[in-house]
Amino acid sequence: MTEDDRMLLERARRALEAERAEAEREAQGKRLARRLIIAFGLIIALGVVFFVVLPEMGLRLPPIIPIACFATIAIGSILAHREDYLSYEDPPPDEPIDGAAHDVIAKLPGAGDDDR
């Protein structure tokens, strides 16, 4: 295997790693958006309960209770995303991701020729 083949293989490996990292970032963004939409829906539903349903039943709550509930939901959904982001680790740069590089090397013409 020539030096050009090795450089080409290394470039392909780096491009694959970058593509996988980008896909993971995109997936994390979608998870955050879903969490925020669910959190917003919960806040709206709790707002209706706290400010419409409970007063109709004659029950009045101190304002700190709904505010604390809303803040807890919002902070929890954002911190869950932060934990996902911090737990993601890039693959080590010097090791093949899953052995695919070895398969590519084996298929290159002259890969078994050590007499060069």
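Read along the sequence, the chain follows the pattern α-α-α, with three helices and zero strands; helices (H or I, at least four residues) and strands (E, at least two) are DSSP runs, numbered from the N terminus. The structure is a predicted model, in which local features need pLDDT of at least 70 and side-chain atom pairs count only at pLDDT 80 or more, while totals for chains, interfaces and linings use all residues. Residues are numbered from 1 along each chain as its sequence is written, and side-chain values use heavy atoms, with hydrogens and water left out.

The accessible surface of the chain is about 9,000 Å² (Shrake-Rupley method, 1.4 Å probe; for residues, only the protein chains shown count as cover). Carbon and sulfur atoms account for 62% of this surface. Of the 116 residues in the chain, 14% are buried, where buried means under 20% relative accessible area, exposed over 50%, and partly exposed in between (1.4 Å probe, protein chains only). Among contacts (heavy atoms within 4.5 Å) between residues at least 6 apart in sequence, 72% join residues at least 24 apart.

Six salt bridges were counted, each defined as a side-chain nitrogen of Lys or Arg within 4 Å of a carboxyl oxygen of Asp or Glu. Arg-13, in helix α1, forms a salt bridge with Glu-10 (2.6 Å, N to O). These two residues are three apart in helix α1 and so are separated by about one helical turn. Glu-17 also forms a salt bridge with Arg-13, the closest N and O atoms being 2.6 Å apart; Glu-17 and Arg-13 are four residues apart in helix α1, again about one helical turn. Arg-13 counts as buried because its relative accessibility is 14%, and Glu-17 is likewise buried at 17%, whereas Glu-10 is partly exposed at 26%. Glu-10, Arg-13, Arg-14 and Glu-17 are linked in a network of salt bridges.

A further salt bridge joins Glu-22 and Arg-25 (3.0 Å, N to O). Glu-22 is partly exposed at 45% relative accessibility, as is Arg-25 at 44%.

Gln-28, also in helix α1, is buried at 3% relative accessibility. The C-alpha atoms of Gln-28 and His-81 are separated by 7.4 Å, although the two residues are 53 apart along the chain.

On the surface, Phe-40, Ile-44, Val-48, Val-49, Phe-51, Val-52, Val-53 and Met-57 form a nonpolar patch with about 770 Å² of accessible area together. Patches are made of residues with over 30% relative accessible area and no salt bridge; like charges are joined within 9 Å, and nonpolar side chains (Val, Leu, Ile, Met, Phe, Trp, Tyr) within 5 Å. Met-57 lies in the loop between α1 (3-56) and α2 (64-87) and is exposed, with a relative accessible area of 64%.
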